[in-house]
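Please view the sequence and structure below before reading on.

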Amino acid sequence: MVHAIITGGSSGIGLEVARQLMERGASVSLIARDRDRLEKACTDLEAGLSEKRKRIFTATADVTDRAVLAAAISAAEQRFGACDILVVSAGRVDPAMFDDQLPELFDAQVNLNFIGAVNAARLVYRGMKTRKRGKIVFVSSGAAAIGIPGYTAYCASKIALKGFVESLHAEARPFGVLISVAYPPDTHTPQYLEEMLHRPAQAKKIMGSVAPWTPHRVADKIVKALDRGTKEVHFGFALTMLALFGAFVKPVVYWLASRGQWLRRHD
């Protein structure tokens, strides 16, 4: 039976990926910082599933704490066996203009979104490499494609993650391990609702006014990409164009945003 470990699995995209993998019969281990949210997620996932598919393990851990995360993943693998799929979904975003943001909040985003992702991958990658099979998908963001005012820490962390994924993909490919990354757009999660309370006006000009995607829709694309062995998962026409042709598209986006004319409808 496939064993999927999901960081940040107590809500949002991570939770929906877990749901879809469980519906396929996978055993799922959820790792997150908040015990109450984990328990609620577990109850939510089990609802409507047959007893034979209620194979969930949960562990409380902060992915920036290597020792605690290592213990959580070790416990998960003792319960359901070696990790076949790792979904790295833990992350945070705290919008603020660079000179207004506390250094501690800047560092927290970089540490969680980048270093925490690396920590999780490190703990399962060697085993996958030895077994010559396994899949790791990092949930990044469309913010990895363009610098956004008010998102200096977030964009930096996601762009760093992109470079890490590209390098690790090249290392892992000869050993049969898939390293992939998803670049979702705004997604209607609890974190998004909090983010929108603080998104600067300058960022809104760049990002437009498109309705956020649902977590289910984003997770569906990620799971299907895992099936196909896709290296990169893009969402919607505008973000795909930014990712593939950023050198040409970004100057136009910035120019339109400076005039308040950036597309009000991306997709």
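## Helix 1 with helix 2

In this predicted model, helix 1 and helix 2 (residues 35–46) pack with their axes 10 Å apart, at an angle of about 35 degrees. Their crossing is right-handed. Helix 1 contributes Leu15, Ala18, Arg19 and Met22 to the contact, and these meet Ala41, Asp44 and Leu45 of helix 2. By residue class, the contact of helix 1 with helix 2 holds 5 nonpolar and 2 charged residues, and no polar ones.

## Helix 1 with helix 8

Helix 1 (residues 12–23) also packs with helix 8 (residues 215–228), where the angle is about 60 degrees and the axes are 8 Å apart. Helix 1 is therefore oblique to helix 8. The crossing of these two helices is right-handed.

On the side of helix 1, the contact is made by Gly12, Ile13, Glu16, Val17, Gln20 and Leu21. On the side of helix 8, Pro215, His216, Val218, Ala219, Asp220, Ile222 and Val223 take part. The residues of the contact of helix 1 with helix 8 comprise 8 nonpolar, 3 polar and 2 charged.

## Helix 3 with helix 4

Helix 3 packs with helix 4 (residues 103–131) at an angle of about 40 degrees, and the axes of this pair are 10 Å apart. That angle makes helix 3 oblique to helix 4. Helix 3 passes helix 4 in a right-handed crossing.

From helix 3, the residues in contact are Arg66, Leu69, Ala70, Ile73 and Glu77. They meet Ile115, Asn119, Ala120, Leu123 and Val124 of helix 4. Sorted by class, the contact of helix 3 with helix 4 has 7 nonpolar residues, 1 polar and 2 charged.

An open sheet of 7 strands is present, with parallel pairing and the order 3-2-1-4-5-6-7. Its edge strands are strand 3 (56–60) and strand 7 (232–234), each of which pairs on one side only. From one strand to the next, the twist averages 15 degrees.

Which strands does helix 8 lie across? They are strand 4 (85–88), strand 5 (134–139), strand 6 and strand 7. Helix 8 runs at about 150 degrees to strand 5.

## The chain as a whole

The secondary structure of the protein chain comprises 9 helices and 7 strands. The radius of gyration is 18 Å, close to the 18 Å given by the globule rule for 267 residues, so the chain is as compact as a globular protein of that length. Along its principal axes, the C-alpha trace spans about 55 × 40 × 35 Å.

How values were computed: Residues are numbered from 1 along each chain as its sequence is written. This is a predicted model: local features need pLDDT of at least 70, side-chain atom pairs count only at pLDDT 80 or more; totals for chains, interfaces and linings use all residues. Side-chain values use heavy atoms; hydrogens and water are left out. Axes are lines fitted to C-alpha atoms, for helices over the stretch in contact, and angles run from 0 to 180 degrees between N-to-C directions. Helices (H or I, at least four residues) and strands (E, at least two) are DSSP runs, numbered from the N terminus. Angles under 35 degrees count as roughly parallel, over 145 as roughly antiparallel, 65 to 115 as roughly perpendicular and the rest as oblique. A crossing is left-handed if the near helix is turned anticlockwise from the far one by less than a right angle, and right-handed if clockwise. Contact means heavy atoms within 4.5 Å. Ala, Val, Leu, Ile, Met, Phe, Trp, Tyr, Cys and Pro count as nonpolar, Asp, Glu, Lys and Arg as charged, and the others, Gly among them, as polar. Two strands pair if DSSP finds at least two bridges between them. The radius of gyration is taken over C-alpha atoms; the globule rule is 2.2 Å times the number of residues to the power 0.38.
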